[in-house]
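Biologist: Could you take me through the pockets of this model, with a close look at the space inside and what surrounds it?

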Amino acid sequence: MQDNQKVVIVTGASQGIGAALVEAYRRRNYRVVATSRSIEPVADANLLAIRGDIGDPSTGPDVVAKALAHFGRVDTLINNAGIFLANRFTRYSAEEYDRVVATNLTGFFFTTQAAIEAMEERRSGHVVNITTSLVRQANSNVPSVLASLTKGGLDAATRSLAIEYARNGIRVNAVSPGVIRTPMHGPETHEALAALHPVGRLGEVSDIVGAVLYLEDAPFVTGETLHVDGGQSAGH
Ligand SMILES: NC(=O)c1ccc[n+]([C@@H]2O[C@H](COP(=O)([O-])OP(=O)(O)OC[C@H]3O[C@@H](n4cnc5c(N)ncnc54)[C@H](OP(=O)(O)O)[C@@H]3O)[C@@H](O)[C@H]2O)c1
């Protein structure tokens, strides 16, 4: 183990965007801590898989503590775990509200708190929050206020934390995806979802990975929300 080898924590790492981020950071020779409820252990000394429900306030701090115990440092946190439940506003149940808020917001809050504490010691770090284009571009065909409420919170918190920690060597950015081809969307929905984007196609996981790696390599960029949404944020 080299002490100068960087360490990234990726939440929601078992599939989709999170799994691709794990591979991308491993290709960059980062040591990776990958977490989700169902994640499987792998035979790679530089990849630690930790199971947990990110909506439980103790999971994030536990993941950060294990990252420090195994790898000694935390350089980057990607808050990627998230769920999407579309429904009409008046139809959302209290259980749905609790589940979306826990996964998308509570997970972000306590994981980031513990990670930034660790980053502060080294006066260096980077947090990336994965939001959604629905924060800025509500769509009458996809009523989903819980996505806007929770991911909008992450979007605002990105700028708030970027400013709070700007003098501490810690950057905080967000990536705002349009609809991305992942297990989140069944193939039968792809054509209709593709049509939501000015470019006329779905986004690919590689589009989001490229955006996160750009932010990783951009030391003068903080408080930014990078729109990776096939033009949705520009208009229709
Ligand atoms: N795909 C899109 O079109 C799209 C668009 C905009 C934003 N996003 C955002 O991008 C992120 C990744 O999306 P994706 O499309 O890759 O989703 P996905 O394929 O559904 O994967 C979601 C990941 O989050 C984990 N997860 C879900 N609930 C969790 C919980 N309670 N505790 C811990 N982990 C949990 C899942 O693992 P387990 O089941 O093992 O826990 C899985 O690894 C999400 O934040 C999503 O909101 C996606």
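Modeller: Happy to! The largest pocket of this predicted model holds about 1,200 Å³ of space. A pocket here is an open set of points on a 1 Å grid over the protein atoms alone, where a 1.4 Å probe fits, with protein on both sides within 12 Å along at least five of seven lines, and lining residues have an atom within 4 Å of a point. Points are joined across faces, edges and corners, and the volume is the space filled by probe spheres set on them.

The lining of this largest pocket numbers 48 residues, and G82, I83, F84, T182 and M184 come closest to its centre. At least two lining residues each come from α1 (16–27), β2 (31–36), α3 (94–122) and α4 (145–164), with helices (H or I, at least four residues) and strands (E, at least two) taken as DSSP runs numbered from the N terminus. The largest share, 4 residues, belongs to α3. By class, 25 lining residues are polar, 18 nonpolar and 5 charged; Ala, Val, Leu, Ile, Met, Phe, Trp, Tyr, Cys and Pro count as nonpolar, Asp, Glu, Lys and Arg as charged, and the others, Gly among them, as polar.

The second largest pocket has a volume of about 190 Å³, and its lining includes F108, F109, E117, L161 and Y165. Two or more residues each come from α3 and α4, and α3 gives the most, 7. That lining has 6 nonpolar, 3 polar and 3 charged residues.

Residues are numbered from 1 along each chain as its sequence is written. Local features need pLDDT of at least 70 and side-chain atom pairs 80 or more, while totals for chains, interfaces and linings use all residues, and side-chain values use heavy atoms, without hydrogens and water.
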